[in-house]
Structures are given as C-alpha cells and as structure tokens.
Amino acid sequence: MNSIHLNGIGMTSQRTRERLAQRLRDEGITNETVLNIISSTPRHLFVDEAISHRAYEDTALPIGMGQTISQPFIVARMSELLLESGPVNRVLEIGTGSGYQTAVLSQFFNEVFTIERIGPLQRQAQKRLRQLKLFNIHYSHGDGFLGWPDKQPFDAIIVTAAPEQVPAALVEQLAEDGRMVIPVGPQGGAQTLRFIQKTEEQLVEQTLEAVKFVPLVNGIIQ
Ligand code: SAH
C-alpha cells in the first residue's frame, strides 16, 4: 500500500488526527483501512495556513475560488463505499479541489485519475500531492462532466461536487462491475448520495443519506 511518510511534517498533529479518526469511528465509519489512512494524512497541509488549526475538525472548510475541502466524515464514507465494493485498481475522481480526497484514494487504489475545472486549485493540489510523494496520481485540468475518455474504463468513479443528474459520460466510462459514488441534486436543495453499480445487463442505483456539496459546474476556468 502506498502511504505518506511524514518525516516531521505534521508528526505533531498525529494525536489530533487520531482523535479525528476516533470521532469518525464513533459516527459510524467501520473500515479500519480508511480510518488508518485518515490518521496518517496531514489534512492541515491541504488548507490555507490561516485556518490550518481547524483542519482536524470534522467540517468542510473554504479553499478559495468559492470551493471547500470536503468534511472528513464524507471523505471517509465515500472511501469506504468504494473500498468495500470491488477491485481497487483504477479510480476516476471528479473535483480534485484541495487534493485531500485524492491523497486518501491514492493510498488504497493503484492508480488515481483526478480532474479539476479551476486552474489555480488544480495546480496547487498537484504541487501538494507531489510534495507528499504520492506518485500514482494522474492529473487533468478539465471538465469532469466529460470524464476522461482516453483512460476509461474505471473500476470506480467518485464525484465530489453535485450535478442535478448523473452525467451520462461517467456511467459510460465505468467498467463492467464498476461502481460510482456521487452526490446528486440541486445546489442548496435536497441532495442525496447515490451508489451506482454497473453489471453486464443493468445499472443498480441506491440512494443513501442526504448530503451537501458544491455544484458540479460545466466548463473550465484557466
Ligand atoms: N474532494 C475535494 C472537494 C472539493 S469541492 C476536497 O476535499 O478538497 C469540489 C470541487 O469540484 C471544486 O474544486 C470544484 O471546482 C470542482 N468541480 C466542480 N465542477 C467540476 C467539473 N465539472 N469538473 C471538474 N471539477 C469540478
């Protein structure tokens, strides 16, 4: 398994991270691999220094450009759904944002393909993840509604911003026996997390809990 070697960067926050993992366990996350990854991933490096003292609260935080780093609970929840449902070979992530969810995925999937539409966020996340020596990640500054046709099919797809409907291109690029976890619903309205599994003949879609994500938006910002 790929893992982060902290070498002093953030060893001091180890206990704070362990407390966060314990809180997620208390809130119902059961997968110990995911909880271990949360305990070793330095979330404070994925937010601005001015708010880094809040990095181990179980809350979304602003990352600039009107976007947020997802709440740790939801990162853990989506990760465990993917980890427990099939092969952990190739995953496509839509909405790199800060890169935190990407860092978590890169520690249990063999290869991560991640797309972000906002240039400054994309470049900053890429730089951070390289500094953490996570080298199994492929980056794209692009529109996630289109997926990544050249690299399909994917064993898993995770979307970290909410469209009003599941984008057809993403369903298309899912491998047979692949699965997708995606929030769906209007901005500021009733969004729910969906878990979609693709079999030879059909798509099986389950609606899980209510969630709150920033919207999935068309087009890119340089
Ligand atoms: N997982 C990220 C979540 C960031 S918020 C984190 O924890 O940091 C969602 C991100 O999705 C934002 O950065 C937003 O710019 C991006 N996004 C929205 N629409 C997109 C699209 N069509 N393609 C790619 N990224 C998109």
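Reader: Which strands does α5 lie across?
Author: α5 lies across β4 and β5, and runs at about 165° to β5. Axes are lines fitted to C-alpha atoms, for helices over the stretch in contact (heavy atoms within 4.5 Å), with angles from 0 to 180 degrees between N-to-C directions. Helices (H or I, at least four residues) and strands (E, at least two) are DSSP runs, numbered from the N terminus.

Reader: Is this predicted or what, and how are residues numbered?
Author: It is a predicted model: local features need pLDDT of at least 70, side-chain atom pairs count only at pLDDT 80 or more, and totals for chains, interfaces and linings use all residues. Residues are numbered from 1 along each chain as its sequence is written, and side-chain values use heavy atoms, leaving out hydrogens and water.

Reader: Which residues of α5 are buried?
Author: Gly 119, Leu 121, Gln 122, Ala 125, Gln 126, Arg 128 and Leu 129 (buried means under 20% relative accessible area). What covers them includes β1, β2, α4, β4 and β5.

Reader: New topic. What is the strand order in the open sheet?
Author: The 7 strands run β5-β4-β3-β6-β7-β8-β9, with mixed pairing. Two strands pair if DSSP finds at least two bridges between them. β5 and β9 are the edge strands, each pairing on one side only.

Reader: And β6 with β7, parallel or antiparallel?
Author: Parallel, over 4 bridges. Ala 156 has Arg 179 in β7 as its bridge partner.

Reader: Where is Gln 152?
Author: Gln 152 is in the loop between β5 and β6. Leaving aside neighbours within four places in sequence, Gln 152 contacts Arg 90, Glu 172 and Gln 173.

Definitions and conventions. Buried < 20%, exposed > 50% of the residue type's maximum accessible area, 1.4 Å probe, protein only.
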